[in-house]
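Dear colleague,

Please find below the structure I am handing over to you, with its sequence. My findings follow directly after it.

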Amino acid sequence: MRPAVRPPGRARARFGAPQLRGLRVRLVIAFALVAAVTAATTGALTFREARTGVLQQSQDAVIKLLRTHVDRLAPDLAFPPRELDLRRLATDVAAAEPAGTWRVSVRYGDLRAASDVDHPFEEVTPALRRAVDSSRATVFQRVRTGDHTSLVVGMSVTFDASGGGHAAPSGIQVFLSVPQTTEAAYVDELVTAVERATVPALGLAVLLALLAARGVLRPVRALRRATRSIAEGRLDTRLAVDGSDELADLSHTFNETAAALEESVAELRGMEARARRFAADVSHELRTPLAAMSAVTDVLDEDAARLDPDTATAVRLISEETVKLARLVDDLMEISRFDAGAAVLHLDEIDLAESLRSTLAARAWTDRVETDLPPPDAVRGRLDPRRLDVVVANLVGNALRHGARPVLLRLYGDGTGDRAVIEVLDSGPGIPADVLPYVFERFYKSDSARTRTEGSGLGLAITAENVRVHGGTVRAANRPEGGAVFTVELPLRRDAMDRESPE
Amino acid sequence: MPRVLLIEDDRAVREAVALALRRQSHEVSAAVTGEEGLERLRSFRPDVVVLDLMLPGMPGLDVCRGMRALDQTLPIIMATARGDDEDIVVGLEAGADDYVVKPVQARVLEARIRAVLRRAGGSLADAGIPKIDTYGDLAVDRAGLSVTRRGEPVPLAPSELRLLLTLSASPGQVFSRQQLLQAVWEHSYHGDARLVDACVKRLRAKMGEPPREPRYIQTVRGFGYRFVSR
C-alpha cells in the first residue's frame with residue numbers, strides 16, 4: 001500500500017508566495033515602526049534642547065557684548081545727541097563685533113542713525129520699540145524675515161545724572177540686528193545629524209527584524225517541511241529540538257505526535273500484513289491437499305457412471321466442488337500476490353484481437369459472444385498475455401452469468417497506438433446503483449442473501465488488479481439503453497518498469 | 001506405454017497423480033526425494049520426468065540440473081506453484097521443457113506429457129529415410145530428428161529440437177512467442193512466453209551461437225524470433 005500523496009501544489013500555494021500578512025513582513029513593519037518612533041522622539045527632544053541651548057548661549061553673548069560696548073561708548077556721547085553723534089555711536093557699537101555681522105540702529109526721539117544705511121531695519125518692530133520704551137531691561141526678539149532669522153536686541157541708554165548710582169533713561173535707544181546664520185547652520189546640522197542617525201537606526205531595526213523573523217521562521221519552516229513530509233507518508237520524520245521556547249515546545253509536541261502516528265500506523269500495517277499473510281498461508285496450506293484431490297477428480301468423473309446413483313451423485317459433487325475449491329484457492333493466492341506486491345508482469349508483444357479471440361475460443365464462448373474486433377495487427381501491445389486472458393475471461397464470464405445475451409466484446413485502439421480500450425457489454429438488467437461502486441471489491445455479492453454463484457467472488461477484484469498492474473483502468477457503468485458495460489483501458493507501450501523478455 | 005518418473009514428496013499428491021497417470025496407461029515410477037529420482041533415472045529409464053520443484057533435501061532445481069547433466073534429451077516437466085516465478089525461470093534455464101502449476105488436474109498434466117512426448121517422438125514413422133536440410137555448418141535431419149554441427153551431433157531436448165525444426169522450416173519468417181508456444185509446446189494462446197525465451201537461449205548455447213550476434217536464431221524486437229539460413 002502506498003500512502004496517499006497529496007499533490008504538493010496546494011500546500012505550496014498557501015506557504016510559498018511572501019504575502020503581506022506573513023510573519024516576516026509583520027515583524028519587519030513592527031520593528032521599523034518602533035525604531036522610527038523612537039528615533040523621531042529622541043531626535044525631536046534632543047533637537048529642541050540643543051537648539052534652545054545654542055540660541056540661548058549666542059543670545060546671551062550678544063546681549064552681554066552689546067551692553068558692554070554701549071556702556072563703554074555712551075558716556076562719550078554728547079547730550080542731547082545730534083544725528084552725527086548717533087551715527088558714530090552706531091558705527092562704533094557695530095565695529096565692536098570683529099566679524100562685522102552686527103547692524104546697529106540708534107534712535108533718539110525722531111532722530112535715527114544706523115551703522116548700515118542700506119539696511120531697512122524692518123525687524124525693529126513698533127512692538128519691540130514700545131517694549132524698550134517701557135522697560136529699562138534689555139529686550140530681545142528673534143525675527144524671521146524670509147528665510148533669514150535675525151536676533152534683534154533693543155536697549156535704552158541710561159546715564160547716571162545724579163552720580164548716585166541711579167540710572168535714568170536718556171531716551172536714546174540702541175537696536176542691534178544680528179543675522180543668526182551660524183546658529184541656523186548649527187541647528188541645520190543638528191537636524192541633519194538626527195536624520196543621519198535615524199536612517200541607519202531604521203536600517204538596523206529592519207535588519208534586526210529580519211534576524212528575529214529568521215529566528216522565529218526557521219523553526220516554523222522546519223515544522224512546515226516536517227508536516228509535509230509526514231503528509232507524504234514519511235512517518236519517521238522528526239524535528240531537531242533546540243532551546244526551550246514556545247517553538248521548541250511545539251517541535252517537541254510535533255515529534256511526539258509523529259512518533260504516536262508512526263507507531264499506530266506501524267501497528268495497523270502489521271495487523272494488515274498479518275491478516276494478509278494469514279490468507280496467503282491458508283491458501284498455501286490448502287493447496288497441497290487440493291493438488292492431490294484435483295489430480296483425481298477426472299478419475300471420479302470417469303467412474304461415476306458405473307456407481308449406484310446416490311454414490312454417483314456424491315462423487316460428482318465432490319469432483320465439482322473440488323474443482324471450484326481449487327479455483328478459489330488459486331484466486332486467493334493470486335490476490336495474496338497482488339497484496340504482497342509480488343505480482344510480476346511477463347510481457348510479450350501480442351496482437352490484442354487475436355488474444356481476445358483465443359480467450360473466447362479456449363472457453364467455447366465464440367458462439368455466445370458477439371465481437372467487434374479490429375483487423376489483425378491493428379492493435380498490438382506489450383502486455384502479459386495470461387493476465388489479459390484473465391481480465392477478458394472474467395469480464396465476459398461475468399456478463400454471460402449476470403447479464404443477458406447478446407453480450408458484445410469490443411476492442412479498439414485510441415488511434416495513437418498508445419492505449420487500447422476493451423469493452424464488454426451485456427443486455428441484462430444492469431448493475432443496481434448502490435452496488436456499482438463496489439463491483440470490484442472482493443467477495444462483494446450484490447444480494448444480501450449471499451447466494452453462491454459460479455464465480456469465486458474474486459473474479460472482478462482480480463480483474464481490477466490485473467488491469468492496475470498493467471497501468472490501466474477498469475470501470476463499470478450502466479448503458480442508457482440498458483445492460484451493463486465494463487470498460488478496460490490499457491497502455492500498450494510501457495517504456496519503464498518493463499521486465500524485458502530475455503533474448 | 002510411456003514411462004513417467006514422478007518426483008513428489010507429498011504422499012497424497014504422489015499417489016493421486018500416479019493413480020491418474022496409470023489410468024491414462026502410463027507406466028509410473030514415483031520417487032519421494034530428488035536423490036531417489038536421480039537413481040531411478042538409470043534403473044527406470046523414463047520417457048518423461050514430472051518433477052516437483054519444492055522438495056525436501058536436494059532442491060528440485062538441482063535435481064533438474066543433475067538430470068540434464070546425465071541426459072541432454074530427456075523431457076522434464078516441472079510442477080510448481082504459480083507465483084514462484086524465480087524458480088520457473090531458473091528451472092527453465094536449468095533445462096526443463098515445460099511446467100505445470102499446482103494444483104493441476106490430471107487431464108492437464110496428461111496433455112502436457114503427451115505434448116512433450118510428441119515433441120520427442122516426432123514423426124517417428126518416417127524415421128529411416130533421412131531428410132537432411134543444411135544451413136551453413138548446421139545439418140538438420142527432419143526425419144531422423146537429429147542435428148549436427150560441423151559433423152558433430154548436437155544433443156537437443158525435445159522442446160529445443162521442435163523449436164529448431166519449427167523455425168528452420170520457414171527460414172526468414174518471423175514467429176511470435178505465442179505462435180511458437182502453440183506450435184512447439186501445444187499451449188493455449190496465453191502461455192508463458194518465458195518458455196520460448198529460455199528455450200531459445202538454451203538452443204543457441206548448444207548450437208554454439210555467439211551470444212551477442214546469433215547467426216541462425218535471431219530476435220526480432222517487438223515480434224519474436226526468426227531463423228536465418230546462410
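Please note that this is a predicted model. In chain B, helix α6 (residues 158-169) packs against helix α7 (residues 177-185) at an angle of about 120°, and their axes are 9 Å apart. The arrangement of α6(B) relative to α7(B) is therefore oblique, since angles over 145 would count as roughly antiparallel and those from 65 to 115 as roughly perpendicular. The crossing of the two helices, α6(B) and α7(B), is right-handed.

On the α6(B) side, the residues concerned are B:S159, B:R162, B:L163 and B:T166, which meet B:L180, B:A183, B:V184 and B:W185 of α7(B). Sorted by class, this contact of α6(B) with α7(B) comprises five nonpolar, two polar and one charged residues.

As regards the two chains, 32 residues of chain B are in contact with 30 residues of chain A. On the chain B side, the elements that contribute two or more residues are α1 (11-23), α5 (106-121), α7 and α8 (194-206). Of these, α1(B) gives the most, with seven residues. The side of chain B that touches chain A has 13 nonpolar, eight polar and eleven charged residues.

Finally, one residue of chain A may be of interest to you. A:A40 lies in helix α2 (residues 23-73) of chain A. Is A:A40 buried or exposed? A:A40 counts as exposed, because it has 12 C-beta neighbours inside 10 Å, and the cut-off for this class is 12 or fewer. The C-alpha atoms of A:A40 and A:T198 are separated by 7.4 Å, although these residues are 158 residues apart along the chain.

With kind regards

Definitions and conventions:
Residues are numbered from 1 along each chain as its sequence is written. Chains are lettered from A and ligands numbered from 1 in the order in which they are written. This is a predicted model: local features need pLDDT of at least 70, side-chain atom pairs count only at pLDDT 80 or more; totals for chains, interfaces and linings use all residues. Axes are lines fitted to C-alpha atoms, for helices over the stretch in contact, and angles run from 0 to 180 degrees between N-to-C directions. Helices (H or I, at least four residues) and strands (E, at least two) are DSSP runs, numbered from the N terminus. Angles under 35 degrees count as roughly parallel, over 145 as roughly antiparallel, 65 to 115 as roughly perpendicular and the rest as oblique. A crossing is left-handed if the near helix is turned anticlockwise from the far one by less than a right angle, and right-handed if clockwise. Two residues are in contact if their C-beta atoms, placed from the backbone, lie within 7 Å. Ala, Val, Leu, Ile, Met, Phe, Trp, Tyr, Cys and Pro count as nonpolar, Asp, Glu, Lys and Arg as charged, and the others, Gly among them, as polar. A residue is buried if 20 or more other C-beta atoms lie within 10 Å of its own, exposed if 12 or fewer, and partly exposed in between; C-beta atoms are placed from the backbone.
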